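Here are some notes to read alongside the model. I have kept them to the contact between the two chains and one residue's surroundings.

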Amino acid sequence: MPDPFHILVAEDEALAAMALEDFLSIKGFRVTLAGDGIEAMERYAEDPADALITDLRMPRMDGHALIREMRARHVTLPVLVMTGFLTQDTDLTDERWKPLEILSKPVNPQTILETLRRMLGVPRTA
Amino acid sequence: MAGALESVWDASEFVPHGVCLLWRPDILALHVGADSLIGLSYFSIPLALLYFVHRRRDIAFGWVAVLFAVFILACGTTHFFNIWTLWNADYVTEAVIKGFTALVSLLTAVTLWLLMPRLLALPSPRQMAEANEALQREIEIRRQAEQRYSGFFNNLGEALFIVSVRPDGQFVYDAINPALARVTGLDPERLRGRLVTEALDPSLAGDILPRYTECRDGGVPVDYEETLDLPAGRRVFHTVLVPVRDADGRVSQILGSGRDVTERKRFQEDLVQTTKMATLGTLAAGMAHEMSQPLNVIRLWIENALDRLRAGATDPVRLERTMTLVIEQTERMGKLIDHVRTFGRRDGGGQCDFAPAGSVRSAVDLVRHQYGLENIDLREELPPQAVTGGAAELVVRGRPLQLEQVVLNLLANARDAVLARRAAGDEAAGRIEVAVRDDATLGVAVIQVTDDGGGIDPAILPRIFDPFFTTKDVGKGSGLGLSIGYGIIDSMNGRIEAVNVELGGGRRGVRFTITLPVQPLAPQDRELSHA
């Protein structure tokens, strides 16, 4: 059995992060939680992930800065952005951030799962 | 002695005057004729004089005419006596008459000279005519002035009225102008000359009289805004009463002018509502974000629970935790919705006494999370009573939601300043301090909002409370926020000021200070819990 995919979740809302962890664990992922961008960078440095799920607004370092930092370090992992904002962030649709998908809160966990699998190149099974 | 006196009166040794004239008939006739005519004339003149004085009772120095009459009468008598002494040698009697005449003449002569300056001062008929003419001209000028002022009174758009203060202190309407009649619907004829208490509806009189009384007793102009239920409907007036004092210093009249500000008030309220909506607009994005958070949590937890249920896992502890969490999250959303609801509605209710710290805390709570996400350190410093909920907190008078709106606007401006400062390259910017202090000795509550966003150009600092003045880019700010805030604080009889401050360590920013007068404690209408 291959190692499970490692997902890094950057989310300052602890309850949402816990639920995501629970959900993704059940679906067979290994999950690491981070409360903000800086913590996410630290966790990634310790234990690189296969994909990043991140909120945009977070204290200390927000989602935008986190993605910028990641890409600046040539980290090409897939990024799934969850945002509570009304309008689509035009900046994030830019080519240079790809692979990147944006989902609006509240998110359907099933959509998260499907998007993750697609981005990771996992066939739709579960 | 008695013999000596008798010898004086004894005229038996004299001869009549005619003897001197040798009884020549022609000379005698001439004397008698002349003396008779002179005597008659002298008797006629005083009669005419007395008659004149009698008829013209207003004449000055009439008593001098009496003196003249006596003097002329005496002269006349001497002439008649001259005729008598032609045949009768009563020279002693003649001498006595002459002596009396001399006295009266002398008296009259001296009096005349003494009176001369005053007589000269009497206006001559020509002078009188000139004075009359001047008087006529004066009357004409006055008439024109009167016309002008009555034109003012009758045609001015301002509602004007004159109230007499009777010696017993009661108020009587002297006059009201057509403008007042027009805007109030009151009938000038029904008001004129009548007591205020009788001329007006009791509830209307009850609204008005305390102001008149204040002006009468204070003796100084009174300036106020009043909402009156009039025959023409409910109107708002800005009224000024000016006391007029009589010679004794008593306020005998009150001049009043009222400007109908009903429309203006409505416009101002609309403006407040407009900025409220604008503030709401800028908050909408933040609100959407705030709402999406609990919704997201609920969705994730419920999905997980559902997955487990479908897989046959029915751990009651886990389920109960999920349910409880969902309830907590819906409550969190409910509070947000409540806030938007109360913020959006017209805050039409009257003023109440409330603790300003409550409004400040509400405003801070509303933005705290959002600002935290932007790395803005929002620090609040409330009076200890406000934190512990003690009863000793000072209260101010106004509308809690409006004060909250003002503080929110200041916080939004502070945030914008911080973000702009950062965009300009100063990463250190990012602290907003909110402080509420009660100053019981000065009788004020002070609210301060201080940012470290670099401050405001001193050249524009005096203009920041002007309506439509904005430093933000087109479309970013209405330019109304601070001016409306100013209006709200002003309506609470408070003050709002802005100064640039040095915060140490090279940090600079703006400090807004709101000073509100605190109310004497009235426990029955205090609103401790903020809506």
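1. Chain B and chain A bury about 2,300 Å² between them, 55% of it on carbon and sulfur atoms (buried area being the accessible area, 1.4 Å probe, that two parts lose on being put together, summed over both). Asn296(B), Leu300(B) and Leu373(B) supply 23% of the area that chain B buries against chain A, more than any other three residues.

2. A word on conventions: this is a predicted model, where local features need pLDDT of at least 70, side-chain atom pairs count only at pLDDT 80 or more, and totals for chains, interfaces and linings use all residues. Residues are numbered from 1 along each chain as its sequence is written, chains are lettered from A and ligands numbered from 1 in the order in which they are written, and side-chain values use heavy atoms, with hydrogens and water left out.

3. Across the interface of chain B and chain A you will find 4 salt bridges (a side-chain nitrogen of Lys or Arg within 4 Å of a carboxyl oxygen of Asp or Glu). Glu13(A) and Arg332(B) form a salt bridge through their side chains, at 2.9 Å, N to O.

4. Do look at Thr184(B): at 5% relative accessibility, this residue counts as buried (under 20% relative accessible area, 1.4 Å probe, protein chains only). Thr184(B) touches Leu230(B), Pro231(B), Ala232(B) and Phe237(B), leaving aside residues up to four places away in sequence (contact means heavy atoms within 4.5 Å). A polar atom of the Thr184(B) side chain lies 2.5 Å from the backbone oxygen of Leu180(B), and the side chain of Thr184(B) reaches the backbone nitrogen of Leu186(B) at 3.1 Å.

How values were computed:
Buried < 20%, exposed > 50% of the residue type's maximum accessible area, 1.4 Å probe, protein only. Polar contact = N/O pair within 3.5 Å; in protein donor to acceptor, adjacent residues only side chain to side chain.
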